[in-house]
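Student: I have a structure open and would like to talk it through. Could we start with the helices?

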Amino acid sequence: MTQMFEAPQIAPHEPKTIEKVAIVISKGSLEGIYPGLIMANGARMEGIEADLFFTFFGLDAIRKDRFEKIKVATVGNPGLHMPTLLGAIPGASALVTGMMKRQMEKIDIPPIPEFVELVADSGAQLYACKATVDMFGLSMEDFVPQVADIISVGEFYEQAAGGQIIFT
Amino acid sequence: MTALLIAETSVDVDAEGFLTNPDQWNEQIAEEIARESGVPALTDRHWLVIRYMRDRYLATGTAPSIRSLGKESGVPIKELYALFPKGPAKLAAKIGGIPKPRGCI
């Protein structure tokens with residue numbers, strides 16, 4: 001005799017949505033900064049609240065003197081499938097960065113300065129990490145005007161309460 | 001795809017309520033979708049964005065990115081989010097009777 005099993009009952013539920021995200025950008029390379037900006041912008045486009053916290057070299061994305069000069073890391077970047085010594089040749093990083101920027105412009109991804117402004121204008125709050133600011137001897141004057149404040153990690157967690165934290 | 005009665009007109013919509021056939025759209029439908037999407041009254045500024053989205057979609061087959069929406073619609077990014085707090089591109093597409101934008105930007 002074969003035994004009959006009933007299909008397990010799955011309780012119907014409302015589709016869940018994310019209401020809020022806090023995104024940490026910790027790397028200063030082009031490929032380190034873009035994912036966080038794209039995720040923050042994408043969150044806002046879906047009506048999801050978004051905060052951005054820049055730490056360590058991620059701060060370069062909001063530093064007035066650096067955010068126009070962000071480059072792809074051509075050394076120690078296996079994703080490029082390029083011999084390390086080739087990546088170390090002077091100008092290699094600028095060349096690869098230029099190629100990638102043109103590719104991004106084609107699919108309407110803005111350059112970093114414009115993207116930072118876009119994300120801020122869309123209502124995302126931008127914060128700089130206090131520990132890094134102190135370590136590098138920086139102040140609010142070093143940052144683009146879209147930066148709301150320099151906050152500690154504790155304040156970041158307070159700010160992120162009730163949402164998802166994404167570390168990039 | 002299901003048929004839905006909006007503003008006394010039967011329209012085809014996807015699972016999220018986006019019209020799948022832009023030809024079935026009219027302004028009464030737009031106003032009703034807007035109300036249900038948390039935009040109680042459509043102002044001239046809302047219409048500017050909705051018409052821009054719709055025209056671009058009908059002309060090119062894809063909805064514009066939020067970047068070009070901010071640059072070319074005549075409504076800057078900050079105002080776009082004030083008009084459509086739950087996502088300007090997504091909401092303007094829904095109200096304008098075109099499919100949901102699939103782009104990441």
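This is a predicted model: local features need pLDDT of at least 70, side-chain atom pairs count only at pLDDT 80 or more; totals for chains, interfaces and linings use all residues.

Student: How many residues does α1(A) have, and what does it reach from its first C-alpha to its last?

Tutor: α1(A) has 16 residues and reaches 22 Å between those two atoms, close to the expected 22 Å.

Student: Which of its residues are buried?

Tutor: The buried residues of α1(A) are Gly32(A), Ile33(A), Gly36(A), Leu37(A), Met39(A), Ala40(A), Asn41(A), Ala43(A), Arg44(A) and Met45(A).

Student: And what do those buried residues pack against?

Tutor: In chain A, they pack against β1, β2, α4 and β5. In chain B, their partners are α3 and α5.

Student: Turning to the contact between the chains, how many residues does each one give?

Tutor: Chain A gives 13 residues and chain B gives 15 residues. On the side of chain A, α1 (30–45) and α4 (112–121) are the elements that give two or more residues.

Student: What about the largest nonpolar core: which residues touch the most other members?

Tutor: Leu52(A), Phe54(A) and Ile62(A) do, in a core of 61 residues.

Student: What is Ile62(A) in contact with, leaving aside neighbours within four places in sequence?

Tutor: Ile62(A) is in contact with Phe54(A), Phe67(A), Val116(A), Leu126(A), Ala128(A), Phe143(A), Val144(A) and Val147(A).

Technical notes
Residues are numbered from 1 along each chain as its sequence is written. Chains are lettered from A and ligands numbered from 1 in the order in which they are written. Two residues are in contact if their C-beta atoms, placed from the backbone, lie within 7 Å. Helices (H or I, at least four residues) and strands (E, at least two) are DSSP runs, numbered from the N terminus. The expected span of a helix is 1.5 Å times one less than its number of residues. A residue is buried if 20 or more other C-beta atoms lie within 10 Å of its own, exposed if 12 or fewer, and partly exposed in between; C-beta atoms are placed from the backbone. A nonpolar core is a set of buried Ala, Val, Leu, Ile, Met, Phe, Trp, Tyr and Cys residues joined through C-beta atoms within 7 Å.
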